[in-house]
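Subject: Handover of a protein structure

Dear colleague,

Please find below the structure that I am handing over to you. My findings follow directly after it.

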Amino acid sequence: MLTLVVGLLCLVSGHTVRAQDATGSRFVCNAIPPGAEPGCGYVSTGSRFQSGSPVEDELRNTIIELRETILQQKETIVSQQGTIKELNSKLARCEAAGDASPQGKSRGQGSRRKEYGKNTMGDLPRDPSETIDQLGKTMQSLKGRLENLEVRWHNRAPPLRDLLRQRLGALETQLLQKVAELEEEKSQLYNETAAHRQRTESALNSLLERITELEKSNNAFKSPEDFKVSLPLRTNYLYGRIKKSLPEMYAFTVCMWLKSSASPGIGTPFSYGVPGQANEIVLIEWGNNPIELLVNDKVAQLPLSVSDGRWHHICITWTTRDGFWEAYQDGERLGTGDNLAPWHPIKPGGVIILGQEQDVVGGRFDATQAFVGELSQFNMWDRVLRPVDIMGLANCSAYMPGNVVPWIDANVEVFGGASKAALEICEDRAFDS
């Protein structure tokens, strides 16, 4: 641009000289206002120079316009120089931060950082066209460096994120596994501890009850359990009563020794009634019907026969799971069944009566349903006993009092003429056979 302006100036100067040379001396005539003193030094106030030909005026105007354009472009270039220098400084800092790495990088990378750190502007040439070209090259260089930075950060960041994500995932998995293992160990330990504590407490309670009964015994019987209850008449006022009640149960086993020759039917060896349900648990043989087990007033017929006037060992098991039941006589399982009050829990807080069926809790007995005979060793557990345990009780090879209702003298009351008498069941049974 400057070259063009200089050329135009030279063209104008040359044209003027040539015009002077061609015409020789020139005289300029100016209008003199009235009253002014004529002289050669007068210059019109309108203009210091008289315009020449139209071509010269046009060239002069062009030169003025070009000069203004050059000044504007110079200001623009100076402004762009400042902007580019600022961008160059920021890029150098970004590259220095991105290239931070352990000692041992190659010298090529170090030299590259030095090149990036240099001022890419340098000294701009004074020729406007070269200045514009230099600015274009500088912008291209800056663009390339920006793209290089973007590529390097893009290639470096994903592996770091993936590595961190993998390590965090592995740590989270290990922590979850460890927590699950600890929870399982805690649950197992708690269950084992609770079961062991329950067994220990049950055994201690049984021992304490037996010791208490032995201490309170009046020596009427050799042992608190060596007695029987006799109910000789079919009336509605002879009966025995168990002082202990039952807890809520989801299974039970009840065992006893029976001796009866009553006909028809031996009656009701025992019944358990609770508020709202007098027939919560009942064992009954009424009239010519077979022996029946009632749970929550639901009935199952049992294949038992004990009305021959001899001692028989009877055991009944039941569980709320599917209402499954078993019937044992003299240690042998004679029958099983299910769907007897399934999923029904045995309700707590009722009354156990020996020898009578309850129409209301603890009373309103019916003489036709009364038990006639002798009864001993009435024990109840809150679980289903194993067949081997039942066989041991039946053949007198094992002694295992009920953990819910044990057969103890002080635990049984008799009313209406019913009586308690000493009995060693195993010896009496041996004589009986």
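Contacts between residues 24 or more positions apart make up 69% of the contacts in the protein with a separation of 6 or more. Please note that the model is predicted. In secondary structure, the protein has six helices and 14 strands. Of its 433 residues, 34% count as buried. The protein exposes about 26700 Å², of which carbon and sulfur atoms supply 54%.

On confidence, the protein has an average pLDDT of 78, and 73% of the residues score at least 70. Residues 1–6 have a pLDDT below 50, and this stretch makes 11 contacts in the model beyond near neighbours in sequence. Residues 101–122 also have a pLDDT below 50; counted beyond near neighbours in sequence, this stretch has 23 contacts in the model. Where pLDDT is low, the predicted coordinates should not be read in detail.

Rolling a probe the size of a water molecule over the atoms shows where empty space is left. The count comes to two cavities of 30 Å³ or more, and the largest cavity has a volume of about 40 Å³. Its lining consists of Leu-258, Ile-266, Pro-269, Leu-283, Ile-291, Leu-304, Val-306 and Ile-314. By class, this lining comprises eight nonpolar residues, with no polar and no charged residues.

Trp-318 lies in strand S8, which covers residues 312–319. Is Trp-318 buried or exposed? Trp-318 counts as buried because its relative accessibility is 0%, and the cut-off for buried is under 20% relative accessible area. Not counting residues up to four places away in sequence, Trp-318 touches Tyr-250, Ala-251, Phe-252, Val-295, Gly-323, Phe-324, Trp-325, Leu-340, Ala-341, His-344, Ile-346 and Val-384. Trp-318 and Arg-383 are 65 residues apart in sequence, and their C-alpha atoms are 8.3 Å apart in space.

Thr-319 is also placed in strand S8. Its relative accessible area is 19%, which is under the 20% cut-off, so Thr-319 is buried. With neighbours within four places in sequence left aside, Thr-319 is in contact with Tyr-250, Ala-251, Phe-324 and Val-384.

Yours sincerely,
A colleague

Key
Residues are numbered from 1 along each chain as its sequence is written. This is a predicted model: local features need pLDDT of at least 70, side-chain atom pairs count only at pLDDT 80 or more; totals for chains, interfaces and linings use all residues. Side-chain values use heavy atoms; hydrogens and water are left out. pLDDT is the predictor's confidence in each residue, from 0 to 100. Contact means heavy atoms within 4.5 Å. Helices (H or I, at least four residues) and strands (E, at least two) are DSSP runs, numbered from the N terminus. Buried means under 20% relative accessible area, exposed over 50%, partly exposed in between (1.4 Å probe, protein chains only). Accessible areas come from the Shrake-Rupley method with a 1.4 Å probe; for residues, only the protein chains shown count as cover. On a 1 Å grid over the protein atoms alone, a cavity is a set of points where a 1.4 Å probe fits but cannot get out, and a pocket is an open set with protein on both sides within 12 Å along at least five of seven lines; lining residues have an atom within 4 Å of a point. Grid points are joined across faces, edges and corners, and a volume is the space filled by probe spheres set on the points. Ala, Val, Leu, Ile, Met, Phe, Trp, Tyr, Cys and Pro count as nonpolar, Asp, Glu, Lys and Arg as charged, and the others, Gly among them, as polar.
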